[in-house]
Amino acid sequence: MSPQLILLGAPGSGKGTQAKRLVDNHGYTHVSTGDLLRSEIKKGSDLGNKVQSIMDSGNLVDDHTVLELLNANCSLSENQYIFDGYPRNFEQAKALDSDVLKGSTSKAVYFDIDLEILIARIVNRRVAPGSGEIYNLLTKPPRKPGFCDVSGEELVHRKDDNEDTVRNRMEVFKDNIDPVLEYYESADRLIRVDASLSSDEVYTQLLKII
Ligand code: AP5
């Protein structure tokens, strides 16, 4: 079995976009902690109510909550996963190995990109929660404005995709990412891709990795 893939990168660096392509074309199962948390908010569960304001502000949900949610939604023996949005800090990187992967081989891929160009990417993002398609009003607009090309559903502008919250998400990312990269680099498990390139070019880099 190929290694499990761990996608690391700043908000808007393209993790979700590439995960969707790898799932569609290579049979991976995508697990995004951001999607799992948003789904709890949508259901109105206790967990969703607890995390809503944290996510709206762009801060991180506590490690214990996210790990429990991840474990409840992973069945490693049956699937080859792409982990998207987890780990976010050093503690989560260790927990992914000890509590989730438990010896299963994995590679971490860092979506390397200058953070300044990401604000425009994110505020112009629109998503289709049903089909999982991700659009960008500037670079990848839907054919019919406001609706998904694949499912026809109405597109959503994420609540945390406004400029103020995005700036805080970037700060949180900068504060936490270095120890995560060092953790994987020291174990020779880190591969960097140039995420400033077009979506097709980033995908080509990923195909070489898998
Ligand atoms: P989460 O949902 O994980 O958001 P994120 O990490 O901030 O990542 P994004 O979804 O914003 O970006 P992406 O890299 O997937 O970019 P995308 O492909 O969509 O987390 C949200 C919140 O949940 C967090 O703030 C936190 O509160 C909480 N949370 C989640 N996980 C947690 C954890 N582990 N611990 C604690 N809290 C957690 O692309 C972005 C845009 O760019 C799109 O419009 C796309 O079309 C466009 N685009 C993509 N690639 C390219 C390209 N190559 N060229 C040009 N445009 C491109």
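Reader: In which sense does H2 pass H3, left-handed or right-handed?
Author: The crossing of H2 with H3 is left-handed. The model is a predicted one. On the H2 side the contact is made by Gly34, Leu37, Arg38, Glu40 and Ile41, and on the H3 side by Leu47, Gly48, Val51, Gln52 and Met55. By class these residues are 5 nonpolar, 3 polar and 2 charged.

Reader: What makes H2 and H4 roughly perpendicular?
Author: Their axes cross at roughly 95° and come within 10 Å, H4 being residues 63-72. That angle lies in the range 65 to 115, so the pair counts as roughly perpendicular. In this contact Thr33, Leu36, Leu37 and Glu40 of H2 meet Val66, Leu69 and Leu70 of H4. The residues divide into 5 nonpolar, 1 polar and 1 charged.

Reader: Which residues of H4 are buried, and what covers them?
Author: The buried residues are Thr65, Val66, Leu67, Leu69 and Leu70. Their cover includes S2 (29-32), H2, H3, S3 and H5.

Reader: How do you know that Thr165 is buried?
Author: Its relative accessible area is 8%. Buried means under 20%, so Thr165 qualifies. The residue lies in H7. Apart from neighbours within four places in sequence, Thr165 is in contact with Met55, Asp56, Ser57, Gly58 and Asp160.

Reader: Why are Lys102 and Asp188 called exposed?
Author: The cut-off for exposed is over 50%. Lys102 has a relative accessible area of 63%, so it is exposed. Asp188 has 73%, so it is exposed as well. Lys102 sits in the loop between H5 and S4 (106-112), while Asp188 sits in the loop between H7 and S7 (190-194).

Reader: What is the phi of Lys102, and what is that of Asp188?
Author: For Lys102 phi is near 45°, a positive value in a residue other than glycine. Asp188, which is not a glycine either, has a positive phi of about 60°.

Reader: What is the omega of the cis peptide bond that joins Tyr86 and Pro87?
Author: Omega is about 5°. Pro87 is placed in the loop between S3 (81-84) and H5 (90-101).

Reader: Which residues touch the most other members of the largest nonpolar core?
Author: They are Leu8, Phe83, Leu96 and Tyr184, in a core of 53 residues. H7 (residues 163-186) supplies the largest share of this core, 8 residues. As a general background, nonpolar side chains in soluble globular proteins tend to be buried together.

Reader: What does Tyr184 touch?
Author: Not counting residues up to four places away in sequence, Tyr184 touches Ile6, Leu8, Pro87, Ala93, Leu96, Ala108, Arg189 and Leu190. Among them, Leu8 and Leu96 were named above with Tyr184 as touching the most other core members, and Pro87 is the residue joined to Tyr86 by the cis bond.

Technical notes. Residues are numbered from 1 along each chain as its sequence is written. This is a predicted model: local features need pLDDT of at least 70, side-chain atom pairs count only at pLDDT 80 or more; totals for chains, interfaces and linings use all residues. Side-chain values use heavy atoms; hydrogens and water are left out. A nonpolar core is a set of buried Ala, Val, Leu, Ile, Met, Phe, Trp, Tyr and Cys residues joined through side-chain atoms within 4.5 Å. Buried means under 20% relative accessible area, exposed over 50%, partly exposed in between (1.4 Å probe, protein chains only). Helices (H or I, at least four residues) and strands (E, at least two) are DSSP runs, numbered from the N terminus. Contact means heavy atoms within 4.5 Å. A crossing is left-handed if the near helix is turned anticlockwise from the far one by less than a right angle, and right-handed if clockwise. Ala, Val, Leu, Ile, Met, Phe, Trp, Tyr, Cys and Pro count as nonpolar, Asp, Glu, Lys and Arg as charged, and the others, Gly among them, as polar. Axes are lines fitted to C-alpha atoms, for helices over the stretch in contact, and angles run from 0 to 180 degrees between N-to-C directions. Angles under 35 degrees count as roughly parallel, over 145 as roughly antiparallel, 65 to 115 as roughly perpendicular and the rest as oblique.
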